Amino acid sequence: MTTPLAEVARLTIAGREEYARIVGSGDAAAVLLVPPLFGEMNRCRRLMVDVMTELATLGRGSALPDLPGTGESLMPFGAVTLDDWRAMVAACAALLHAATGRTVMIASLRGGALLDDAPDPVDVAGRWRMTPVEGATVLRELGRAQRLAGTSGPPLSGAVFAGTPLAPGLAGPLGSARPQGSARIVRLGEDGKNADERLTGSPLWRRAEPGRDLAMALAIARDIDRTAATCANS
Amino acid sequence: MSQDAEIVETTLRSVLTDVLGIPPARVATFDSLTPLFGSLPELDSMAVAGLLTEIEDRLGIVVEDDEVDGEMMETFGSLLHFIRTKALL
């Protein structure tokens with residue numbers, strides 16, 4: 001980014017101030033990281049920040065939004081809709097495009113792939129996805145964790161995360177959401193599904209405790225950097 | 001042991017490492033009597049959900065919630081037996 005952005009970008013989504021973390025600057029196109037959803041987001045926070053640091057070393061600035069209702073966001077989680085998350089990702093892409101004058105490389109992890117088609121195509125250089133999942137799978141896992149936890153108190157109906165029911169405007173559209181459009185697909189070596197590239201590392205999004213894998217963060221940053229360079233030349 | 005049965009066992013060991021963060025060298029020492037649920041502090045109910053989902057993903061099977069109980073998760077052997085029954089139909 002020729003004009004370095006503040007470390008925290010402020011955006012207005014649905015009338016509220018929301019925040020995105022910004023790391024690095026440089027003349028190359030910036031990367032917008034779209035985090036996984038729910039618990040996986042927390043388990044991958046360290047990984048995403050490590051990827052941002054590595055991208056900065058490669059001369060690429062990056063942004064990581066706190067999706068509405070998560071992280072620093074003041075929006076109550078129980079009120080969040082899928083459209084709020086998609087609006088946040090779209091606004092971040094527009095902000096990076098305006099700040100750098102270059103179209104943005106969007107790199108999503110897991111359920112983040114369900115949000116990465118939200119930006120206006122004029123803001124987007126290309127898309128990169130790590131082990132994308134469908135919305136139905138995300139909901140299924142939330143439900144399983146809820147049932148296995150066997151918590152006391154009145155049973156909550158429908159999808160619940162950390163004791164808070166998902167708003168109908170989140171659970172409903174998420175159930176039928178699938179990653180849309182073309183993207184470079186990256187998976188871990190043990191994952192048998194089709195991929196454009198396989199990296200060595202651990203599925204930190206599954207870890208019972210948040211973990212760190214610096215070698216994987218570096219491999220991810222390098223692959224995003226190469227992909228972004230290819231998109232810029234095409 | 002058939003090749004498929006061996007793949008299921010290798011997959012289970014690598015999922016235990018990846019999901020619970022248990023070092024591969026320690027998982028390699030697990031035998032059929034090694035206790036799991038209730039004995040591994042890493043294996044709480046959230047971890048069980050993640051473990052089962054990852055196993056489903058890698059082996060292309062579906063585990064119903066009512067099939068999940070303490071007995072099935074009791075030892076490495078009982079979990080392996082359950083998964084083999086599912087995966088090697």
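A:Arg144 touches B:Ala49, B:Leu52, B:Thr53, B:Glu56, B:Val63 and B:Asp65, leaving aside residues up to four places away in sequence. The model is predicted. In it, 22 residues of chain B are in contact with 15 residues of chain A, and the area buried between the two chains is about 1700 Å².

**A:Arg144**
- This residue belongs to helix H4 of chain A, which covers residues 135–149.
- A:Arg144 has a relative accessible area of 3% and therefore counts as buried, the cut-off being under 20%.

**Interface of chain B and chain A**
- Carbon and sulfur atoms give 49% of the buried area.
- On the side of chain B, the residues that lose the most area to chain A are B:Asp18, B:Thr53 and B:Asp65, together 30% of what that side buries.
- Four salt bridges are found across the interface.
- The side chains of A:Arg206 and B:Glu54 form a salt bridge, at 2.4 Å from N to O.
- H1 and H3 of chain B are the elements that give two or more residues to the side touching chain A.
- H3(B) supplies the largest share of that side, twelve residues.
- The residues on that side of chain B comprise ten nonpolar, five polar and seven charged.

**Helix H4 of chain B**
- H4(B) runs over residues 76–87, and its twelve residues reach 16 Å from first C-alpha to last, close to the 16 Å expected at 1.5 Å a residue.
- Buried in H4(B) are B:Phe76, B:Gly77, B:Leu79, B:Leu80, B:Phe82 and B:Ile83.
- Helix H1 (3–20) and helix H3 (45–59) of chain B are among the elements covering these buried residues.

Key:
Residues numbered from 1 in each chain as written. Chains lettered and ligands numbered in written order. Predicted model: local features only at pLDDT ≥ 70, side-chain atom pairs only at ≥ 80, totals over all residues. Heavy atoms only, no water. Helix = DSSP H or I, 4+ residues; strand = E, 2+ residues; numbered from the N terminus. Buried < 20%, exposed > 50% of the residue type's maximum accessible area, 1.4 Å probe, protein only. Contact = heavy atoms within 4.5 Å. Expected span 1.5 Å × (residues − 1). Buried area = accessible area lost by both parts, 1.4 Å probe. Nonpolar A, V, L, I, M, F, W, Y, C, P; charged D, E, K, R; others polar.
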